[in-house]
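Subject: Structure for your review

Dear colleague,

Please find below the structure that I am handing over to you. My notes on it follow directly after.

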Amino acid sequence: MAKKKITVVGAGHVGATTAQLIAYKKLGHVCLVDVVEGIPQGKALDLTESAPLENFDSQVIGLNSYEETADSDIVVLTAGLARKPGMTREDLRDKNASIIKSVSQEVVKHSPDCFMIVVTNPLDTMTYVAKKYSGLAKNRIIGMAGVLDSTRFRSFIAMELGVSNEDVHATVLGLHGADMVPMPRFSSVAGIPLTELMSKEKIDELVERTKDGGAEIVRLLKTGSAYYAPASSVVNMVESIVLEKNRIVPAAAYLEGEYGLDGIFMGVPVLLNWKGVEKIIELPLTDEENEALQASAKAVRESMAQLSV
Ligand code: TXD
C-alpha cells in the first residue's frame, strides 16, 4: 500500500511533536510547514536523522509554502498562537482566526480532497473558520479536542484508582474550554461504570481537574501550552483514519440537527475511518447532561458571533 502523505501546518510544539509521532508510528510521509524560515526545515532534518535509529523510511520535509504539500491525504492545522498564563483560549480568537483563514485556503488549493484536522484554539470556532474558508465537506473536516480532554480524564481516573490506563474509558463532549462536558455516566473501568467505582465527590473533583487540564499545564510551563498529550491525541485520530480502524472518538464535528444543534462545530462522539467522519453518534442524555451540552453550544455560538473573519 502506498504511504499516505500527511501535512502538519505549524512547526511549533504541537506540530513538531505530531510530526515526530507520525514518523515513529510509520503512518506516512510528513510535510511540516511553518511561516518561520528554517524552523520546519531544521526540525524535519533533525527528525530524518533519527530515522536509522527509530527504523522508519518515510520522508519528513520542512517547508515555508504549500506547493510540495500537494495531494496530501491528511492535513493537521496547528498554526497560530498558544496560551500564556492568565489567558483563556478565547483570547487567541482574532489572531488565530486570520491565520486559520489563510492557511486553510492555501491548503485546499493544493490538496482539495484532504481530510483536515484542526488543532488551533479556540478549537471549535477555528474548525468552523477552517471549514468556511477551505470549503471542505463536513465529513472531511474535524477539530481535535475531545480525545485530549478524554485522555486527561482517563489519566486522572487511572491515577486515582491505581489501575492501568488501558482499562479506562472516558468521554468528554462539548466545546474545548471551561464549558466542556465530561460524562461520568459514559466513562468506565474494565466495563464497570465509573459511577460504581467512585463517590460523586471524587468524580466531581476529577471532572473539575479535567476542565482545568489545559490551564494546569499552562500555569506550570508559563511560556506556552501542553503538547505531548495534544500531539498524541491528534496522532490517535490520524491512526484511526490511516489504518481504517472505525474508532469512535469524541471530536468537534459539524452538526446539522444532531443533539438539536445546527451549523456549529462541537465535541460529540464520531465514527472515524478512511472516509472521514462516517457518522455522528447521538448518546441518550439525561436532562442535566443535555443542559450542560446546550450551555457548551451557547458558548461556541457566542465565540462565533465575535469572529472578525
Ligand atoms: O486540544 C487542542 N485542540 C489543543 C490546541 C491542544 C494544545 C494546543 N492547542 C493550540 O494549538 C494552541 O492553543 C495553539 O493555538 C495551537 C498551537 O500550539 P503550539 O503549542 O504548537 O504553539 P507554538 O509552539 O507557538 O507553535 C505554533 C506555530 C509556530 O511555529 C508559528 O510560527 C506557526 O505556528 N505559525 C504559522 N505556521 C504556518 N502559517 C502561519 N500563518 C502561521 N502563523 C504561525
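Ala251 sits in strand β12, which covers residues 247-256. Please note that the model is a predicted one. With a relative accessible area of 0%, Ala251 counts as buried. Which residues does Ala251 touch, leaving aside those up to four places away in sequence? They are Ile142, Gly143, Met237, Met266, Gly267, Val268 and Val270.

The partner of β12 comes next. β12 and β13 pair in the antiparallel sense, over ten bridges. Within this pairing, Ala252 stands opposite Gly267 of β13. The two strands form a hairpin with five residues between them, and in this hairpin Gly257 takes a positive phi near 105°. Strand β13 spans residues 262-273 and is mostly covered, with eleven of its twelve residues buried. Strands of a sheet pair through backbone hydrogen bonds, in either the parallel or the antiparallel sense.

β13 also pairs with β14 (residues 276-280); these strands run antiparallel and are joined by four bridges. Asn273 has Gly276 of β14 as its bridge partner. Two residues lie between β13 and β14, which form a hairpin.

The loop between α10 (228-242) and β12 holds Glu244, and Asn246 lies in that loop as well. Glu244 is not a glycine, yet its phi is positive, at about 45°. Asn246, likewise a residue other than glycine, has a positive phi near 55°. Asn246 counts as partly exposed, at 42% relative accessibility.

A separate, open sheet is made of three strands in the order β7-β10-β11, with antiparallel pairing. The edges are taken by β7 (168-169) and β11 (192-193), each of which has a single partner strand, so one side of each is left without a neighbour in the sheet. Two bridges join β7 to β10, which comprises residues 188-189, and the two strands run antiparallel. One of the pairs brings Val168 together with Val189 of β10 as its bridge partner.

Turning to the helices, α9 covers residues 213-221, and Gly213, Gly214, Ala215 and Val218 are buried in it. The buried residues of α9 pack against α6 (146-161) and α8 (200-211). Lys95 belongs to another helix, α4 (residues 93-110). Is Lys95 buried or exposed? At 57% relative accessibility, Lys95 counts as exposed. Leu81 is 14 residues away from Lys95 in sequence, and their C-alpha atoms are 7.6 Å apart.

A cis peptide bond is found between Asn121 and Pro122, with omega of about -5°. Pro122 is located in the loop between β5 (115-118) and α5 (123-134).

How many disulfides does the model contain? The count is zero. A disulfide requires two cysteine sulfur atoms within 2.5 Å. The cysteine sulfur closest to that of Cys31 belongs to Cys114, and it is 12 Å away, too far for a bond. Seen from Cys114, the closest cysteine sulfur is that of Cys31, again at 12 Å and too far for a bond. Cys31 is buried, with 3% relative accessibility, and Cys114 is buried at 0%.

Finally, the surface has a nonpolar patch formed by Val35, Val36 and Ile39, which together have about 280 Å² of accessible area. Val36 lies in the loop between β2 (29-33) and α2 (39-48). A residue needs over 30% relative accessible area to join a patch, and Val36, at 42%, is partly exposed.

Yours sincerely,

A colleague

Methods: Residues numbered from 1 in each chain as written. Predicted model: local features only at pLDDT ≥ 70, side-chain atom pairs only at ≥ 80, totals over all residues. Heavy atoms only, no water. Patch = residues over 30% accessible without salt bridge, like charges linked within 9 Å, V, L, I, M, F, W, Y side chains within 5 Å. Areas by Shrake-Rupley, 256 points an atom, 1.4 Å probe, with all protein chains shown as cover. Salt bridge = Lys/Arg side-chain N within 4 Å of Asp/Glu carboxyl O. Buried < 20%, exposed > 50% of the residue type's maximum accessible area, 1.4 Å probe, protein only. Pairing = 2+ DSSP bridges. Contact = heavy atoms within 4.5 Å.
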